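Please open the structure in your viewer and keep the selection tool at hand.

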Amino acid sequence: MKAVLDAYLNTSLVLRIGIALALGLVVGLVGGPAVAEWLDPLGELLLRLLKFLVVPIVLLTLMVGINQANLGSMGRVGRKMLGFYVLTSALAITVGLGVASAFSPGSGLELTSSESVEVPENPGFIQVLLNIVPTNMVEAFAEPNLLGIIFTAIVFGIALLKLRESKAHGEVAERVYGVVSGLNEVTMKVMAGVLQYVPIGVFAIVASTAGEQGMNTILALGDMVMVLYIALAVQLVVYGVLMRLNGVNLMDFVREARAPVATAFATQSSSGTLPLTLNAARRLGVPQSIYGFSLPLGATINMDGAGIRIAISAAFAANVIGVPLDFVTMLEIVLIGTLASIGTAGVPGAGIVMIATVFAQVGLPIETVALLVSIDALVGMGATAMNVTGDLVCTSVIARSEDKYEAAEAGSSQAVPQEQLS
């Protein structure tokens, strides 16, 4: 037994997750709903363990990261990050519409009057912005409200940084920082232990999902699923180009990104995968002052995969009712979808909310969402994996741009002014 355990622990985490994905798919399709019900608790345990770590990791990583940087660089990184997220979200929706136009998913299907879907209420973009500031800090941590936790970490992180720089409170502030930094290391140690369970949980979740969905569901709306994954593949190429243009090593990125992306695929949770995403960024050599800020925020507002899902779903709905999308409607979907992918962040059933919001704005029947519910898990798996990939791409690109900025600053500071040479 010890030999088996040692072999398991000494095997690459990425290899273990890959094997778990394959075995889970086979076991789920063969075993059906009975196996799904039996394995469901093992998958639920993984989700609980990951969510258990999210709050301390976000709070402590962000506070430590802020105290390893300066306010000037934070503002610069924040502007780059938000610009990158908006740009890639709009680009993802454009890619989705382009691929959907080429393959026309949903053509030939009919919408029956018996189909309906209950759509959660969209709180709106302004309300989401207001929710960033929690009225009760304890409540924000209990929900958890990830944007509220990020706000809390930024406020207290900056306050701690300012105190460390002051003469009156510098010594006490250094002690507080030492405690925060120590707790962060303890959290990372706990995360290292949780990572050992990830392959088992991934196997259970994939087997449960495959058992519940079955081949019939996959085949019934197979063209929709196929088009979505083609669009996701195109978006991966776009990411590759962006990383190459910015000097990111693609081989290193792929090697470290595989584990969090595979886990996101299985769990369908960007926030739940955050511990693994942060670990991947650390192994890529990204400074904590960057990934501690960009990844928690990206897990809540950067939704490239969801953007592609919106685009494919809109094209699908248009083809079902026999009215293909025109150019103006496509442009509306890009604009509205980009805002919706940010404005519905953190809302339960966010995928359905985003799709329904876009459908209502461009005049597509909400009832067509009901056709997509049956493949929600299959679509959500790919979209979530793309969301996490986009977060890591953004973080890696910004880290490289900061390296170049700092190198340029160092070079200019070492240059001797011309008037001193005369």
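**First stop: Met74**

Select Met74 and, leaving out residues up to four places away in sequence, display what it touches: Ile66, Ala69 and Phe293 (a contact means heavy atoms within 4.5 Å). The model is predicted, so local features need pLDDT of at least 70 and side-chain atom pairs count only at pLDDT 80 or more, while totals for chains, interfaces and linings use all residues. Residues are numbered from 1 along each chain as its sequence is written, and side-chain values use heavy atoms, with hydrogens and water left out.

Met74 lies in helix α3 (residues 71-103); helices are DSSP runs of H or I with at least four residues, numbered from the N terminus. Its relative accessibility is 13%, so Met74 counts as buried (under 20% relative accessible area, with a 1.4 Å probe and protein chains only). Met74 and Phe293 are 219 residues apart in sequence, yet 8.7 Å apart in space from C-alpha to C-alpha.

**Second stop: helix α7**

Next, select residues 170-195, which form helix α7. Its buried residues include Tyr177, Met191 and Leu195.

Which residues does Asn279 contact, leaving aside neighbours within four places in sequence? They are Met191 and Leu195. Asn279 belongs to helix α11 (residues 274-283) and is buried, at 13% relative accessible area.

Methods: Helices (H or I, at least four residues) and strands (E, at least two) are DSSP runs, numbered from the N terminus. Buried means under 20% relative accessible area, exposed over 50%, partly exposed in between (1.4 Å probe, protein chains only). The expected span of a helix is 1.5 Å times one less than its number of residues.
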